[in-house]
Structures are given as structure tokens and as C-alpha cells.
Amino acid sequence: MPLSTNDSTNETAKALFTGMRGAFQTPDDHRPAHARGILLSGTFTPTSAAASLSKAHHFNASSTPILVRFSNSTGIPTIPDNDPNASPRGMATRFTLPNSADGKRQHTDIVAHSTAFFPMRTGEGFLQLLGALGDGSIGDFLGKNPSAAAFVQDPKPAPSSFATEKYFGVNAFKLVSSDGKATFVRYRIRPDAGESHLSEDEAKSKDPAYLHNEIQTRIIDGPVSFKLLAQVAEDGDKTDDATVHWPEDRKIVELGTIKIDKVETDNDEKQKTIMFDPIPRLEGVEPSDDPLLDMRASVYLQSGRIRRNAK
């Protein structure tokens, strides 16, 4: 996972994660966003439709090992699960691929959260949002930036379980088939258990660790599963702006099943060291021209290096 080749991107990314760490007083050994989480494992089984859209290994193999990290929002490692600021929830999925010819470990990731919205189109815009939060001008900022206002105003009820929440990959990607056909998609992840959320009063009555405890208990009774879906773009749909939604009448293709059946041992240490990568970096799945992808990857890598080196 290399740094961006754009020095300006890396500088802005550093300012972003430094600003988030400062805002939440996040310790060096935790993420500046989605600091509190839990790491689990399982398998991904693709559909035939996935193989027709992409030549990527995990969309063609019979199954692929996965790691999944569910998380709460903010850089506060102890944020209660029932705190309203803990939403949107995160779901990051790592597909563990066969080693390369020279023996190097390979993987590709999908990073998603529980709202279809993203506040700003660029990292520079997100940095301005952080500044407005810090200096108290957020009201004026939201008035001038409808995408940020839409993100803030989107309802974010607490889920009954990490397993009953839906998740969205807000960035566009290009799937490339074995015959070279390209299809732009956005990922969606839908719970097989159905969506279920709590009222404000129900959430207030819950234990501060109810989500983290519940998912561990649920898996004892049997695997948790989700459908990985792809919303398919049509001509004219924007692929370079995560704040612009594609129309809901766009085709949805089922790519496969995410099955989670184990809580990882040494959970805290593994969460400290694992760095998810928003850029796919494998044949068959390519980044779109969305400027957030390079920025997010730089944020994740730079902050991840600090996390790994923390005592």
C-alpha cells in the first residue's frame, strides 16, 4: 500500500488525520475515525454474475477468506455503542487473495459505512468542514455546502445489531471482465437478517457495549451473513463525486455472500496493525476518477503507520 504520488494529496491527508486526532483526542494507537471496532472473519462466496462483471480472483474463486471490521464513528476509542455520535457505523471487508508469484501476501478491501451520503467531494473540502466544526462556523458552512448538510441531516438510527445494518461504499469503482468490458459500480452491503434499528429511547436503555457484545453472542448461534451488491452506473452517471447519488432505478447486481463465523483472537492487536485500503489494487477492479480514493488511501496509510508504531 504505497503513499500517493501526489505530494499535495499527502500533505492534505496528514492535515486531515491530524485534525481528526486533535478533535477527538485520539490516542496514537487508534484510528482517527471509527476508532472503536471489532474484527471478525469468515468467507466470501461469489455469484456467477460477479464473474461475468469482473476477472478479479475473489469474484471467480469458489470462496475467499475474509476479515470484517465493524466499527463506531468518531476517533473516540471508548465511545458508547448507544451514543448518537457513534453513527454512521463502519464495515470494512478484506478479501485475502493468493500470494503473488514472489510470495508476497495479497489482499483487496471494501470500505463502507451505514449511510449512502458523504459530506464533501474532496479531501480539501473535508478539511474545510473540520475547520468549520473547530471554529464554530459549521452552521454557515452547511448552508453553503448542501452535500455536507445532507450528510448531517440523513437519519442515522442505532442498529439493533451490526448484523442488521446496511452499508454503502460511497465511491465508484470500475469492474473489468475477462473480455475487457468495463462496468462502473458502487457497492452496497445488505444484511440477510433484515434491517432492524432502535428508537432513541430504546438506544438510551442499551448497554454502552451492546453492539460489540451482541455480535459475539450472535455468532455463537450461527454465522452472520450479508449480500454484497453492486449498483450499476448508466451513461452520464457521475463516477468522480461521492456526494452525488445515482438514481435508485439503476440496476442492482448481487455479487455474492459475505459469511462471518468467527471473532478474531488478539482482537485489539490485530485492529491496531491492519490497514484497510480504499483502492482495490488488483486486476479486475480498478479505481474510478473519484479524487477521494487517493486521499482516503493516504489518510489510512499515514495514520496506520503511526498506529503501528505506537507503544
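The model is a predicted one, and its C-alpha trace spans about 55 × 45 × 45 Å along the principal axes. The secondary structure comprises nine helices and ten strands, and buried residues account for 51% of the 311 residues. Of the contacts made between residues at least 6 apart in sequence, 74% join residues that are at least 24 apart.

One of the helix pairings involves helix H1, formed by residues 7–24, and helix H3, formed by residues 123–135, which pack at an angle of about 30° with their axes 10 Å apart. Because angles under 35 degrees count as roughly parallel, H1 and H3 are described as roughly parallel to each other, and their crossing is left-handed. On the H1 side the contact is made by Thr12, Ala15, Leu16 and Met20, which meet Gly123, Glu124, Phe126, Leu127 and Leu130 of H3. Sorted by class, the residues in this contact of H1 with H3 are six nonpolar, two polar and one charged.

Helix H1 also contains threonine 9, whose relative accessibility is 10%, so that threonine 9 counts as buried, the cut-off for this class being under 20%. When residues up to four places away in sequence are left out of account, threonine 9 touches Ser4, Asp294, Met295 and Ser298.

Methods. Residues are numbered from 1 along each chain as its sequence is written. This is a predicted model: local features need pLDDT of at least 70, side-chain atom pairs count only at pLDDT 80 or more; totals for chains, interfaces and linings use all residues. Side-chain values use heavy atoms; hydrogens and water are left out. Axes are lines fitted to C-alpha atoms, for helices over the stretch in contact, and angles run from 0 to 180 degrees between N-to-C directions. Helices (H or I, at least four residues) and strands (E, at least two) are DSSP runs, numbered from the N terminus. Angles under 35 degrees count as roughly parallel, over 145 as roughly antiparallel, 65 to 115 as roughly perpendicular and the rest as oblique. A crossing is left-handed if the near helix is turned anticlockwise from the far one by less than a right angle, and right-handed if clockwise. Contact means heavy atoms within 4.5 Å. Ala, Val, Leu, Ile, Met, Phe, Trp, Tyr, Cys and Pro count as nonpolar, Asp, Glu, Lys and Arg as charged, and the others, Gly among them, as polar. Buried means under 20% relative accessible area, exposed over 50%, partly exposed in between (1.4 Å probe, protein chains only).
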